[in-house]
Amino acid sequence: DARNQGKGYGTAALRMVIDLMIERHGCDEIFLDYSPGNDVAARLYAQIGFVPTGEVQGGKIMARLCLVNPR
């Protein structure tokens, strides 16, 4: 909801999901997609460390988070 945007909830939730994926599934990389023009999502994912792969699937921008040697 717009009243709660910009308060860090999305960032915190995404970090928790990533931690669970690592803990429960041993993920060493995670992929996601987002719509072109969704600058809020692009900034959030970039802040976490996701990098666009250069691929577009179904009209969505693909991004990857490498967890093997995080920065």
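H1 passes H2 in a right-handed crossing in this predicted model. Helix H1 covers residues 9-25, and its axis lies 11 Å from that of H2, with an angle of about 50 degrees between the two.

From H1 come Gly10, Thr11, Leu14, Arg15 and Ile18, and they meet Leu44, Tyr45, Gln47 and Ile48 of H2. Sorted by class, the contact has five nonpolar residues, three polar ones and one charged one.

Staying with H2, which spans residues 39-48, you will find Arg43 there. Arg43 has a relative accessibility of 53%, so it counts as exposed, the cut-off being over 50%. Its C-alpha atom is 11 Å from that of Gly10, a residue 33 positions away along the chain.

The structure holds one salt bridge, and it joins Glu29 to Arg64, with 2.6 Å between the closest N and O atoms. Glu29 belongs to strand S1 (residues 29-34) and Arg64 to strand S3 (residues 60-66), so the pair ties together parts that are 35 residues apart in sequence. How exposed are the two partners? Glu29 is partly exposed, at a relative accessible area of 32%, and Arg64, at 33% relative accessibility, counts as partly exposed too.

Key: Residues numbered from 1 in each chain as written. Predicted model: local features only at pLDDT ≥ 70, side-chain atom pairs only at ≥ 80, totals over all residues. Heavy atoms only, no water. Helix = DSSP H or I, 4+ residues; strand = E, 2+ residues; numbered from the N terminus. Buried < 20%, exposed > 50% of the residue type's maximum accessible area, 1.4 Å probe, protein only. Salt bridge = Lys/Arg side-chain N within 4 Å of Asp/Glu carboxyl O. Axes fitted to C-alpha atoms, helices over the stretch in contact; angles between N-to-C directions. Left-handed = near helix turned anticlockwise from the far one by under 90°. Contact = heavy atoms within 4.5 Å. Nonpolar A, V, L, I, M, F, W, Y, C, P; charged D, E, K, R; others polar.
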